[in-house]
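Subject: Structure for you to look at

Hello,

Here is the structure I promised to pass on. Please open it first, then read my notes below.

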Amino acid sequence: MTEVLIVGAGPAGLLLASELRLAGVDTVVVERHAQRPDYCRGFNLNARALDLLARRGLAERLVGEGWQVPHAAFSGLPVTLTLAGTHTDHPYSLGIPQTRVEEILEAHALDLGADIRRGHELRALEQDSESVTATVTTGGREYRVRAAYVVGCDGGRSTVRKQAGIDFPGTAATRFSLLGDVELADPEALPFGATPGPGGTVVAIPRPGYVRIITSDRQPPADKDTPVTLDLLQTAVDEALGRHVELRAARWLTRFGNAARQASEYVRGRVILAGDAAHIHPPAGAIGVNVALDDAFNLGWKLAATVRGTAPTHLLASYHAERHTAGAHVLANTRAQVLLGDADDRLAPITDLLTRLARHPAGNRALTETITGLDTRYEMRPGSDHPWLGRLAPDLALTTGDGRTPPGACESTCRTGAGLSPVPGGSPRQRIRGSVRVQGCCWKTTSGSTGEGPSSSGCGMPFRCSSKKAAT
């Protein structure tokens with residue numbers, strides 16, 4: 001019997017596999033596609049995702065390959081949301097193909113010993129009080145995997161979610177858009193960005209060697225899974241602009257809607273959901289992959305401790321409590337962005353109010369941190385007014401007993417998946433001095449932070465205070 005079976009080798013599944021392997025958990029990943037798609041769904045990692053990946057030593061390489069944009073995307077407002085001054089070590093959005101992110105995450109998971117099986121498709125699940133049995137097919141044959149836990153990271157149409165009988169309430173799509181990765185016969189015929197026309201708007205996003213075109217699907221078919229053709233996209237673009245702009249050499253064509261749904265339970269017995277299997281939402285703000293990574297970080301150490309038998313009974317349930325709330329916030333802010341983008345005069349006063357707030361420095365920062373998840377703060381019990389409680393742990397300076405600071409001590413510890421256990425003394429808003437146990441070593445912590453500065457390289461888990469001194 002394997003300890004954890006992950007279904008889906010997207011960003012959430014691959015990162016979760018790495019987190020489990022860091023803790024020594026036997027992990028198998030099954031992915032129905034035999035190879036990674038040759039098209040790219042997204043091109044964005046936000047500041048929150050980069051802060052999390054930095055705690056495993058994965059951000060530096062991505063940052064070195066991508067391009068940095070010092071603001072966050074928010075649809076429907078004529079204001080730039082800046083990341084300068086926000087609570088992050090990465091005050092920018094990173095432009096990098098999702099396919100490249102997946103390559104790096106997969107290599108990391110394999111290096112740690114994860115068993116990744118491509119071309120293996122989940123067909124059925126049965127769970128009892130002790131385990132879950134999955135029926136998997138590959139190459140015309142069928143086999144079964146018995147696991148202590150199964151995690152569905154298999155997308156918005158999740159087989160895991162359906163097999164587990166978990167409800168997926170929300171709002172159905174009311175409008176659809178067409179997306180095509182194509183070439184322009186005349187590169188000067190359509191400028192980059194949004195171009196309005198008499199029949200709608202066409203968005204052109206430059207990509208290496210091609211252009212991503214997005215426009216409204218004004219007459220979607222009854223079957224929304226009907227394949228999109230280049231002719232269909234061409235017609236939609238021409239009708240929106242009121243003129244002909246020749247498209248050719250399509251690489252990827254698809255249709256997407258504005259549906260917003262969230263699983264009623266992220267944990268049911270021994271079946272768990274993460275990423276798009278747990279929530280879908282409009283693509284406003286380019287937040288999807290980032291939320292999936294956040295789910296995986298929150299779940300990984302909790303599931304590992306549960307499998308190992310070292311977790312309190314409520315720990316795994318806290319994954320649902322924390323990430324379901326965070327997911328609901330994502331659904332709310334992406335739906336709000338879609339509404340603000342509508343040509344509806346009734347929303348003009350709201351747009352005007354938010355625009356004025358966003359032009360104020362404090363309002364701009366608050367809105368930016370909200371839509372990127374930088375304001376995430378999990379509820380902790382017992383409560384405390386400590387400014388770090390429930391937030392991503394800040395990068396404490398660790399000093400040895402003889403006064404030396406080991407280079408990268410905090411970051412290197414986090415890369416192994418080990419935890420830091422700060423035990424602050426004195427006023428939580430004053431300079432903190434306490435003891436920190438790091439893999440059996442005891443360090444002093446010294447920090448001049450008042451709790452109002454940037455969070456940075458913690459261990460990928462919320463900061464929790466303790467009144468008990470670590471042994472020295």
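What percentage of the residues of the protein count as buried? The answer is 50% of the 472 residues. Keep in mind that this is a predicted model.

First, the overall picture. The protein has 11 helices and 25 strands. Its accessible surface comes to about 21,700 Å². Carbon and sulfur atoms hold 51% of that surface. I also looked at contacts between residues at least 6 apart in sequence. Of these, 71% join residues at least 24 apart.

Helix 1 covers residues 11–22, and helix 4 covers residues 98–111. They pack with their axes 8 Å apart, at an angle of about 25°. Angles under 35 degrees count as roughly parallel, so helix 1 and helix 4 are roughly parallel to each other. Their crossing is left-handed.

Which residues make the contact? Helix 1 brings Pro 11, Leu 14, Leu 15, Ala 17 and Ser 18. Helix 4 brings Gln 98, Glu 102, Leu 105, Glu 106, His 108 and Ala 109. By class, six of these residues are nonpolar, three are polar and two are charged.

Last, a closer look at Glu 106, which sits in helix 4. Is Glu 106 buried or exposed? Its relative accessibility is 13%. Buried means under 20%, so Glu 106 counts as buried. Leaving out residues up to four places away in sequence, Glu 106 touches Leu 14, Arg 36, Ile 116 and Arg 118.

Best wishes

How values were computed
Residues are numbered from 1 along each chain as its sequence is written. This is a predicted model: local features need pLDDT of at least 70, side-chain atom pairs count only at pLDDT 80 or more; totals for chains, interfaces and linings use all residues. Side-chain values use heavy atoms; hydrogens and water are left out. Helices (H or I, at least four residues) and strands (E, at least two) are DSSP runs, numbered from the N terminus. Buried means under 20% relative accessible area, exposed over 50%, partly exposed in between (1.4 Å probe, protein chains only). Contact means heavy atoms within 4.5 Å. Accessible areas come from the Shrake-Rupley method with a 1.4 Å probe; for residues, only the protein chains shown count as cover. Axes are lines fitted to C-alpha atoms, for helices over the stretch in contact, and angles run from 0 to 180 degrees between N-to-C directions. Angles under 35 degrees count as roughly parallel, over 145 as roughly antiparallel, 65 to 115 as roughly perpendicular and the rest as oblique. A crossing is left-handed if the near helix is turned anticlockwise from the far one by less than a right angle, and right-handed if clockwise. Ala, Val, Leu, Ile, Met, Phe, Trp, Tyr, Cys and Pro count as nonpolar, Asp, Glu, Lys and Arg as charged, and the others, Gly among them, as polar.
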